[in-house]
Amino acid sequence: MKETTPIDTFRHVGLRQKMCANLQKNGITDQRVLNAMQSVPRHWFIDTMLDNQAYQDRAINIDCDQTISRPSTVAKQSQLLDTAEGMQVLEIGTGSGYQAAVLYRMGLKVFSIERQKQLFEQTRRRLNDWGFRVKCFLGDGYQGLTEGDYGLFDRIIITCGASEVPHTLMGQLKIGGRMVIPVGNEGQQMLRITKHGDEQEQWEIEEFGQYNFVPMLKGRNFN
Ligand code: SAH
């Protein structure tokens, strides 16, 4: 059954305007990020009971003990990706699908991997029913994309906390490509890695402060 598109009221649009004004005040300058976050209704991606929190700058619980990142984190990661329209982007950690929807509205070709079967199935259906053309996969992000033949990615974004930089994933990035990834065990440092060559010495690493993501776990979960 097709999931009906939820409503987006003037009140929600107004709350998003405030949210985006705050993001801008706090250093988000990429207009494509701001436009996408203005256009994607974040309240669609969370429990209706929590609707009144949708446009506050906080992480919100979703199914399977996971969280949808706070808007400022979504904006920051999207801006750090430093994209151009039409680029092919791989996201690890589909979760609610909000980050993927934002990337899609930024004009990117989005591929997203989730390890929790329940989230994968629900979110894939919703994204497609609501018109966000994101290719969703069930799998272990540490392995990257193992199905289909989509070539290398221009950008890779990880939306869970990785204990180390996954080398297999770096192998799926084009030369000149960039990965945005929070790395660390208790709390993570947001890294942007620019791949100037295949050798690890050719990976340029920049740091962008501390974050708290749910962990990036190994293997899939079929429950
Ligand atoms: N981008 C999401 C954030 C969800 S939280 C959003 O906008 O809602 C992070 C997600 O990463 C969780 O759904 C979790 O199940 C998933 N995850 C954790 N480890 C993973 C892995 N190895 N491969 C794929 N997904 C993973």
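This is a predicted model: local features need pLDDT of at least 70, side-chain atom pairs count only at pLDDT 80 or more; totals for chains, interfaces and linings use all residues.
**Stop 1: the largest pocket**

Start by selecting Thr67, Gly93, Thr159, Cys160 and Val214, the lining residues that lie nearest the centre of the largest pocket. The space around this centre amounts to about 540 Å³, and 36 residues line the pocket.

Next, colour the elements that each supply at least two residues of this lining: the strands β2 (66-68), β3 (88-92) and β4 (109-114), and the helices α3 (71-81) and α4 (98-105). Which element gives the largest share of the lining? Strand β2 does, with three residues.

Now colour the lining of the largest pocket by residue class. The counts are 16 nonpolar, 15 polar and five charged residues.

**Stop 2: the second largest pocket**

Move to Trp44, Ile46, Asp47, Thr48 and Arg126. Of the 20 residues lining the second largest pocket, these are the closest to its centre. The pocket holds about 360 Å³ of space.

Show β1 (60-62) and α5 (117-129), the elements that give two or more residues to the lining of the second largest pocket. Helix α5 gives the most, four residues. Sorted by class, this lining has eight nonpolar, seven polar and five charged residues.

**Stop 3: α3 against α4**

Return to two helices from the first stop, α3 and α4, each of which supplies at least two residues to the lining of the largest pocket. Two packed helices are described by the angle between their axes and the distance between the axes. For α3 and α4 the angle is about 45° and the axes are 11 Å apart. The two helices are therefore oblique to each other, and their crossing is right-handed.

To see the contact, show the side chains of Val74, Gln77, Ser78 and Leu81 on α3, then those of Tyr98, Gln99, Val102 and Leu103 on α4. By class, the contact of α3 with α4 has five nonpolar residues, three polar residues and no charged ones.

**Stop 4: α2 against α4**

The crossing of α2 with α4 is right-handed.

For the contact itself, select Ala36, Met37 and Ser39 in α2, which meet Tyr98, Val102 and Arg105 in α4. The residues of this contact divide into four nonpolar, one polar and one charged.

Definitions and conventions. Residues are numbered from 1 along each chain as its sequence is written. Side-chain values use heavy atoms; hydrogens and water are left out. On a 1 Å grid over the protein atoms alone, a cavity is a set of points where a 1.4 Å probe fits but cannot get out, and a pocket is an open set with protein on both sides within 12 Å along at least five of seven lines; lining residues have an atom within 4 Å of a point. Grid points are joined across faces, edges and corners, and a volume is the space filled by probe spheres set on the points. Ala, Val, Leu, Ile, Met, Phe, Trp, Tyr, Cys and Pro count as nonpolar, Asp, Glu, Lys and Arg as charged, and the others, Gly among them, as polar. Axes are lines fitted to C-alpha atoms, for helices over the stretch in contact, and angles run from 0 to 180 degrees between N-to-C directions. Angles under 35 degrees count as roughly parallel, over 145 as roughly antiparallel, 65 to 115 as roughly perpendicular and the rest as oblique. A crossing is left-handed if the near helix is turned anticlockwise from the far one by less than a right angle, and right-handed if clockwise. Contact means heavy atoms within 4.5 Å.
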